[in-house]
Amino acid sequence: MRIPTLALSCLLTVACAHPPATSPTAAEEKTADLPPIEAPSAPMAGWTQARRASALIREEKYAEALSLYEQARAAGNADPDAAYSAACAAARLGKPKDALDWLSHSVQSGFRDVAWMKQDGDLAPLRDDPAFVALAERMPTLPEPHPYSNEELKRLFAEDQADRQPPPSSPEAWKKVAERDAMRLRRARELLDQGALKEGADFLAAGFIFQHGDTQEDYALARRMGAEAAKRGHPKGLWLAAAAWDRWLMNANRPQRFGTQYKLDPADKVVKLYPVDPRVTDEERARWGFPPLAEIPTVLRMQ
């Protein structure tokens with residue numbers, strides 16, 4: 001199994017509001033407060049079961065997780081990362097046929113990380129299977145499920161993600177990544193100002209690049225890009241908008257809303273959930289595709 005780089009990059013730091021009549025402007029985002037917004041799209045079908053299955057995977061309860069992934073799929077869930085995790089769970093349970101079926105479903109839904117798939121230890125029992133080999137060979141020929149309109153932004157995002165997979169192992173390595181992040185952020189901002197972002201994938205890519213900035217304005221821009229990606233149909237835009245909002249709040253020393261942000265506790269070296277605002281209801285979290293607060297892990301266990 002793998003924690004998707006998209007999620008991991010927003011989870012870690014080295015570290016019910018009424019919506020406004022209109023979306024916040026860049027000028028408003030520079031102020032001392034970040035205007036609230038409504039969820040820009042509905043969560044994907046079956047998201048509740050998929051989220052709970054993901055939590056069970058972390059506890060190595062693979063049979064229970066697989067059952068929930070099956071429920072999510074029956075409900076219409078098409079998250080490629082959820083299907084990929086289901087494939088890993090099936091492989092762990094010694095069900096190669098089911099694992100290959102889930103893996104094929106993941107690819108059909110948009111999973112394209114063939115390099116990771118080939119080296120993922122959870123899928124080791126499948127590597128010599130002709131169906132696995134054929135799928136790995138076919139993946140590079142498949143079209144992007146959410147195409148970009150800007151090839152430069154696509155490249156910048158690929159570099160952003162490559163810098164984090166696997167995560168750098170030393171402060172010196174992170175410093176070099178931060179320097180590259182700054183260059184990517186400047187260029188992404190130029191492309192945004194030029195009106196070069198057209199598709200949901202463009203806005204999502206820019207959003208993750210801004211999320212890897214280090215100012216409140218960067219995080220506010222990341223939220224705006226995630227919301228725009230969601231409005232244009234990208235399934236990961238909703239999550240990014242919420243995670244960026246949480247990041248903005250955390251860096252303002254305020255409690256987060258949704259429970260996406262974790263921080264390393266220097267006392268015991270454990271990565272713990274950053275405080276969550278008790279005024280945000282579970283109903284509000286559900287509108288953004290997040291589980292009840294009681295179901296959010298208080299400690300992040302990396303696998």
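1. Is Val107 buried or exposed? In this predicted model, Val107 is buried, because its relative accessible area is 2% and buried means under 20%. The residue belongs to helix 6, and, when residues up to four places away in sequence are not counted, Val107 touches Arg112, Leu135, Met139 and Leu142. Tyr84 stands 23 residues from Val107 in sequence, and the two are 8.3 Å apart in space, C-alpha to C-alpha.

2. The next point concerns the nonpolar cores. The largest nonpolar core holds 40 residues, of which Leu153, Leu197, Phe210, Met225, Trp245 and Trp288 touch the most other members. At least two residues of this core come from each of helix 9 (151-162), helix 10 (171-193), helix 11 (200-211), helix 12 (216-231) and helix 13 (237-251), and the largest share, ten residues, is that of helix 13. Because domain 2 (151-254) and domain 3 (256-302) both give residues to this core, it lies between them.

3. Trp245 deserves a separate look, as it is among the residues that touch the most other members of the largest nonpolar core. Not counting residues up to four places away in sequence, Trp245 touches Leu34, Pro36, Ile37, Arg223, Arg257, Phe258 and Trp288, and Trp288 is itself among the residues of that core that touch the most other members.

4. Several details of the backbone may be checked by a new reader. A cis peptide bond, with omega about 0°, joins Gln165 and Pro166, and Pro166 is placed in the loop between helix 9 and helix 10. Asn253, which is not a glycine, has a positive phi near 60° and sits in the loop between helix 13 and strand 2 (262-265). With 70% relative accessibility, Asn253 counts as exposed, because the cut-off for that class is over 50%.

5. Where does Lys269 lie? Lys269 is found in the loop between strand 2 and strand 3 (270-273), and, although it is not a glycine, Lys269 has a positive phi of about 60°. Its relative accessible area is 61%, so Lys269 is exposed by the cut-off of over 50%.

6. Lys272 lies in strand 3 and is partly exposed, with a relative accessible area of 28%. Leaving aside neighbours within four places in sequence, Lys272 is in contact with Gln261, Tyr262, Lys263, Asp265, Thr298 and Val299. Lys272 and Leu300 are 28 residues apart in sequence, while their C-alpha to C-alpha separation in space is 6.1 Å.

Technical notes: Residues are numbered from 1 along each chain as its sequence is written. This is a predicted model: local features need pLDDT of at least 70, side-chain atom pairs count only at pLDDT 80 or more; totals for chains, interfaces and linings use all residues. Side-chain values use heavy atoms; hydrogens and water are left out. A nonpolar core is a set of buried Ala, Val, Leu, Ile, Met, Phe, Trp, Tyr and Cys residues joined through side-chain atoms within 4.5 Å. Buried means under 20% relative accessible area, exposed over 50%, partly exposed in between (1.4 Å probe, protein chains only). Helices (H or I, at least four residues) and strands (E, at least two) are DSSP runs, numbered from the N terminus. Domain bounds come from an automatic or database domain assignment. Contact means heavy atoms within 4.5 Å.
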